[in-house]
Amino acid sequence: MIIGTLVAGACLWALVPGAMAGDPSGASTYTGDLEGLKTAINFTWVLVSAFLVFFMQAGFALVGVGAIRTKNTVNYLAKSYMDFSLGAIFFLVVGFALMFGGSGVAPGLELGNALIGYSGWLLAGDAYDVTTSMVWLFQAMFAATAATIVAGAMAGRTKFQAYLVYTVLVTAVIYPIYGHWVWGGGWLSTLPFGAGAVDFAGSGVVHAVGGFVALAGAYLVGPRTGKFKTDGTPVAIPGHNVTYIVLGTFVLFFGWFGFNPGSTLAATDLRIAVIAVNTFLAGAAGAVVACYTTFFRTGKANIFLICNGSLAGLVAITAPCAYVPPWAAVLIGAIAGILVMASIWFVEWVLKIDDPVGAVSVHGVNGLWGLLAVGIFADGTYGDVRGLIAGSSGQFVAQAISAAVVFLWAFGLGLLLFAVIKYAIGLRVSKEEEIVGLDISEHGTPSYPGPMDSWR
Amino acid sequence: MKKIEAIIREEKLDEVKSALEKIGITGLNVAEVKGRGQQKGVKLQWRATSYTVDMLPKLKLEVVVKDKEVKTAVKAIRESAYTGNFGDGMIFVMPIEEVIRVRTGEQGEEAL
């Protein structure tokens with residue numbers, strides 16, 4: 001019913017004429033001269049980057065599955081697959097227009113104000129255009145990334161249907177609106193400090209949003225049975241496949257080379273080389289710091305924390321990747337490696353919240369760190385963004401405001417969203433279903449059917 | 001000496017272990033087994049068809065105790081493995097003829 005109204009509303013909006021006419025065939029966007037060639041190269045770059053970001057879904061699925069127990073594997077994979085699938089549809093129907101309406105980055109996206117956008121619904125009307133489609137695909141992959149971050153924090157005890165409702169609302173509303181404020185020409189991007197709040201590839205827009213919605217979800221759904229002793233001491237619940245965790249991290253790292261350099265939306269912007277270098281260095285620095293910290297603290301090099309440290313570095317470099325020099329990328333990644341371990345400890349031992357894969361610490365905390373890092377390390381060589389090291393404090397103020405806003409927005413709306421789901425349809429499976437495992441109780445399919453399972 | 005073989009729910013292992021530890025029994029073996037008792041099987045899905053599995057995963061716990069410990073050990077296992085639902089398991093007690101500790105050569109109840 002609600003969805004029907006939304007679709008009808010979107011169709012009406014799609015009929016509102018815009019200033020730029022759409023070019024659905026691409027014939028007038030491609031001009032056959034040198035400019036046309038540049039356009040074609042840029043299209044190729046953005047589309048290939050979008051495909052790389054899509055592959056990050058496989059990385060998230062692998063990391064998550066490796067970090068949880070065998071009996072919840074099918075459930076995690078089903079959530080992984082459904083969040084981008086549902087997310088794609090709702091980002092088409094609602095999310096994209098809310099986020100990029102008024103940005104004018106492509107035809108059909110003219111209408112919007114400082115708070116929300118309202119054109120480009122359904123990629124119809126003037127938004128039925130090759131440039132708009134290219135931007136949509138790239139951005140839809142980002143929306144799906146933000147959505148899937150939450151799966152890890154709520155693994156092993158959340159109702160499948162409740163998770164799907166969450167997915168719809170996050171990709172249709174929570175993610176696009178903060179995204180509009182930063183990327184769609186909204187009020188954060190026009191703050192009167194520095195160059196306004198900037199977030200090159202989405203430490204805040206994608207990762208902090210996902211991470212703090214995850215915090216709200218993990219808090220409201222409660223810990224897995226047996227995660228905390230009666231005195232509150234956390235209990236280790238080992239995952240079921242370390243190889244998957246490491247392979248998944250490699251896949252995510254690889255995808256990040258689309259996520260960050262692709263965010264130039266142009267291959268003719270040769271800064272892409274510096275961005276790729278910064279991305280690589282921050283991911284490496286996070287891993288190195290996590291490795292040696294665990295080694296000096298416990299005498300053993302902890303592979304799960306090495307992977308988490310690396311992802312933390314990648315999350316943190318996502319906002320500043322275009323604005324900082326390589327030496328700063330190393331520092332940003334290294335600090336992320338420390339932050340992620342401190343945060344994992346804090347979430348488990350102080351907040352007593354059960355986050356099986358560390359999504360809150362990797363994406364939430366380091367998403368904020370990435371936003372702040374722009375205000376510190378931006379050297380002014382790109383986009384005229386100057387941080388503290390370039391002698392300007394205004395940018396840091398803008399970044400701090402953006403970081404505070406994303407925390408309040410994502411955590412606040414996350415709490416509201418999951419509270420509504422909890423009282424409307426229930427957020428958590430029964431204790432019996434949890435003990436048997438969600439593979440059997442929610443999907444009726446074991447993740448590794450053995451010889452016994454095929455006996456009829 | 002008696003051997004106690006208990007079939008228990010997987011998630012009850014920690015409770016059973018600490019119940020036995022409380023009465024001074026630390027040595028035991030555990031094996032993952034599949035089997036069935038009175039309970040019916042569960043129905044699973046594979047692509048477009050479904051199938052029933054009536055061999056369900058359980059743990060088999062083996063512990064050898066002195067004659068005078070049998071009653072308390074059985075009681076500890078039964079109480080800690082109990083949920084009141086079908087599938088709580090079974091406890092079997094059987095005689096043991098001899099026990100020899102490999103390292104020291106001790107025999108009988110001394111070796112336990």
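In chain B, strand S3 (residues 42–46) and strand S4 (residues 49–53) run antiparallel and are joined by five bridges. This pairing belongs to a predicted model, in which chain B has two helices and six strands, whereas chain A has 14 helices and zero strands.

**The hairpin in chain B**

- Within the pairing of the two strands, B:Gln45 has B:Ser50 of S4(B) as its bridge partner.
- Two residues lie between the strands of the hairpin formed by S3(B) and S4(B), and B:Arg47 takes a positive phi near 50° there.

**Chain B as a whole**

- Chain B is more spread out than a compact globule, because its radius of gyration is 17 Å, well over the 13 Å that the globule rule gives for 112 residues.
- The C-alpha trace of chain B spans about 60 × 30 × 20 Å along its principal axes, and 18% of the 112 residues count as buried.
- Among the contacts in chain B with a separation of 6 or more, 71% are between residues 24 or more positions apart.

**Chain A as a whole**

- From the N terminus on, the elements of chain A run α-α-α-α-α-α-α-α-α-α-α-α-α-α.
- For 456 residues a compact globule would have a radius of gyration near 23 Å, and the 22 Å of chain A agrees with this.
- The C-alpha trace of chain A spans about 65 × 55 × 40 Å along its principal axes, and 57% of the 456 residues count as buried.
- Among the contacts in chain A with a separation of 6 or more, 75% are between residues 24 or more positions apart.

**Two helices that cross in chain A**

- The axes of helix H10 (residues 326–350) of chain A and helix H11 (residues 359–377) of chain A come within 9 Å and cross at roughly 145°, and the crossing is right-handed.
- The residues that make this contact include A:Ile332, A:Leu339 and A:Val347 of H10(A), together with A:Val365, A:Trp369 and A:Phe377 of H11(A).
- Sorted by class, the contact of H10(A) with H11(A) has 14 nonpolar and three polar residues, with no charged residues.

**Where the chains touch**

- Nine residues of chain A are in contact with eleven residues of chain B.
- On the side of chain A that touches chain B, there are five nonpolar, two polar and two charged residues.

Conventions
Residues are numbered from 1 along each chain as its sequence is written. Chains are lettered from A and ligands numbered from 1 in the order in which they are written. This is a predicted model: local features need pLDDT of at least 70, side-chain atom pairs count only at pLDDT 80 or more; totals for chains, interfaces and linings use all residues. Two residues are in contact if their C-beta atoms, placed from the backbone, lie within 7 Å. Ala, Val, Leu, Ile, Met, Phe, Trp, Tyr, Cys and Pro count as nonpolar, Asp, Glu, Lys and Arg as charged, and the others, Gly among them, as polar. Helices (H or I, at least four residues) and strands (E, at least two) are DSSP runs, numbered from the N terminus. The radius of gyration is taken over C-alpha atoms; the globule rule is 2.2 Å times the number of residues to the power 0.38. A residue is buried if 20 or more other C-beta atoms lie within 10 Å of its own, exposed if 12 or fewer, and partly exposed in between; C-beta atoms are placed from the backbone. Two strands pair if DSSP finds at least two bridges between them. Axes are lines fitted to C-alpha atoms, for helices over the stretch in contact, and angles run from 0 to 180 degrees between N-to-C directions. A crossing is left-handed if the near helix is turned anticlockwise from the far one by less than a right angle, and right-handed if clockwise.
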